[in-house]
Amino acid sequence: SKAEMRHTCRGTINLATANITVEDSCNFIISNGGAQTYHLKASSEVERQRWVTALELAKAKAVKMLEESDDSGDESVSQTDKTELQSTLRTLSSKVEDLSTCNDLIAKHGTALQRSLSELETLRLPAESTEKIKQVNERATLFRITSNAMINACRDFLMLAQTHSKKWQKSLQHERDQRIRLEETLEQLAKQHNHLERAFRGATVLSASAPGTGASAKDPCCPAKGDLSDEDDDNEFFDAPEIITVPESMGHKRTGSNISGTSSDISLDEQYKHQVEDTKKEKRTRIPYKPNYSLNLWSIMKNCIGKELSKIPMPVNFNEPLSMLQRLTEDLEYHELLDRAAACESSLEQLCYVAAFTVSSYSTTVFRTSKPFNPLLGETFELDRLEENGYRSLCEQVSHHPPAAAHHADSKHGWTLRQEIKITSKFRGKYLSIMPLGTIHCVFHSSGNHYTWKKVTTTVHNIIVGKLWIDQSGEIEIVNHKTGDKCNLKFVPYSYFSRDVARKVTGEVTDPTGKVHFVLLGTWDEKMDCYKVTLGAGDNGAEGRQRPHEAEDSRVLLWKRNPLPKYAENMYYFSELALTLNAPESGTAPTDSRRRPDQRLMENGRWDEANAEKQRLEEKQRISRKRREAEAARATEDGTPYDPYKPLWFERRKDPVTQELAHVYRGGYWESKEKQDWTLCPDIF
């Protein structure tokens, strides 16, 4: 029960995606195909079957609810629905009137029939005929009673329908009025909040520049810890609402119902020079500053509560000039952690560095208030840093419904990283939940240690009013499938009432027996420390374990976040690596994200053109999808073989370790690049 969850809950599994398997007469297993697996034992076979049946029914219900929630919206009662309801009531009423008329006719003809039968009885007829006439008379009376009962039942039904329909209409109208009032109040509140903050910023800028001698307001604003990344997916695109340009003072803050950029005295042409100058030897350190456009967020989001974000129209104003594939590649920003892990002789120490690498991938989300472009089907992104950093990486969008990206990275320092991530997201009014699904694999070549883990849930707060801020919450279990070592990381959700440091992450590294060897402590936006655990003599319990603050001399700094580049607040809060990802590079595949035209236009500040280009690309993709669907339908009817869409550089295989179906790199990309043979690449741009 919900009451028990407060004090006895051991964890949760989403039933919609769970696997329920029977082990033996009393035991059964619930698993989500990854880190979460629960082994449950019932008192008897009958009890086990009751639980399995109940869970299977609940799973079916959960799947149905999930499907319904994707299609349903919070639509108010339209005038058409009211008219239809009133029309139905009128029809019912007329039908009951017809029944009433029939009742009168039945009564009239029934009385006449009975009179005739009574007259027949008075005649001198044989005894047999008299008996028959009596039977007919009784049946006619019974028929009349039944007819009257039917007419009365119909009249009662009509009265009930009329009474309740008025109540329903009144209730629905009340709910509709309440919703409209709430929307108006929220919009008004958002506008007031925005105006107040603008006025405050204006006053601050004036007071700061008054004593100076025409000093420029180009100094970077100190970024607050509350900014975030809006990592949702938008795999369907619609006409974007009108974009209104509003001049603003310096500062990159998303407030109220508006998202605004930062103004700059440097022209876009001057900024673009840095991009053109970029070469393979010298990576670019700047991109064109974010233009000063403003857009009403509430006008878009208010009709989307409870819906999958793929159904929400999203103009480029909410984006950053990087694709989801490039964002996935950013996981490699702290690749040196895996280099160090590869050099470790102890698998437990190695696990500490893998855990730090896992946490480091969230550090880029703190200040990133914009969402990445959703990749087109077949879009790729390569990052060749073999000479500089010893690794090279390839991503490909392998599925469109649901959106899924596959990633493979190899390093000459002795490790391979691969993952397939599907992003699901739900907008819940005040906050947005982003759930990355999929397993990440890291294999070290020399030792053969194979680690797997999954990502935690990201929550975006203050969607409607106030400053956006992001939080990561949940648990990550990193498993070494060769040795059985585990690391359990806990991302503590933010609480106003907690005295703990914000964005705290704690973890323990254990061997297969459950003995703790290392304790991890830190935050997902700053750093992670590691403490070696020593136990008291003969005591394997918690009391005998040395506490982290008592073992300060054993502390090792595993990871620390790199500082952001100068003027990062004007450049979408990109890190040094992120600034280089979209730099034009020769020799890349024609499907590479760097060649995506709407993303390039957006980076150069030409947002209106980018919105139009984005619609063109999505329409092109939609036509391709419909053509494939038509071919599949035709093949089904004719019985001819049909070859469904297959990614170019990845293939779907069953993973021997996790038993999951996932897209794995099939090879051939770097060889094609060397030959400059891109004949197999689809035309997506």
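## Arg 555 and Asp 529

Arg 555 is partly exposed, at 34% relative accessibility, where buried means under 20% relative accessible area, exposed over 50% and partly exposed in between (1.4 Å probe, protein chains only). Its salt-bridge partner is Asp 529, at 3.1 Å from N to O; a salt bridge is a side-chain nitrogen of Lys or Arg within 4 Å of a carboxyl oxygen of Asp or Glu. Asp 529 lies in strand E22 and Arg 555 in the loop between E22 and strand E23, so the pair ties together parts 26 residues apart in sequence. Asp 529 is buried, at 6%.

## Basis of the values

This is a predicted model, in which local features need pLDDT of at least 70 and side-chain atom pairs pLDDT 80 or more, while totals for chains, interfaces and linings use all residues. Residues are numbered from 1 along each chain as its sequence is written, and side-chain values use heavy atoms, without hydrogens and water.

## Other salt bridges

The count comes to 28 salt bridges. Asp 683 pairs with Lys 620, the closest N and O atoms being 3.1 Å apart. Asp 683 sits in the segment after helix H13 and Lys 620 in helix H12, 63 residues apart. Asp 683 is exposed, at 63%, and Lys 620 is partly exposed, at 27%.

Glu 477 and Lys 486 meet at 3.8 Å, N to O. Glu 320, Arg 327, Glu 330 and Arg 368 are linked in a network of salt bridges.

Key. Helices (H or I, at least four residues) and strands (E, at least two) are DSSP runs, numbered from the N terminus.
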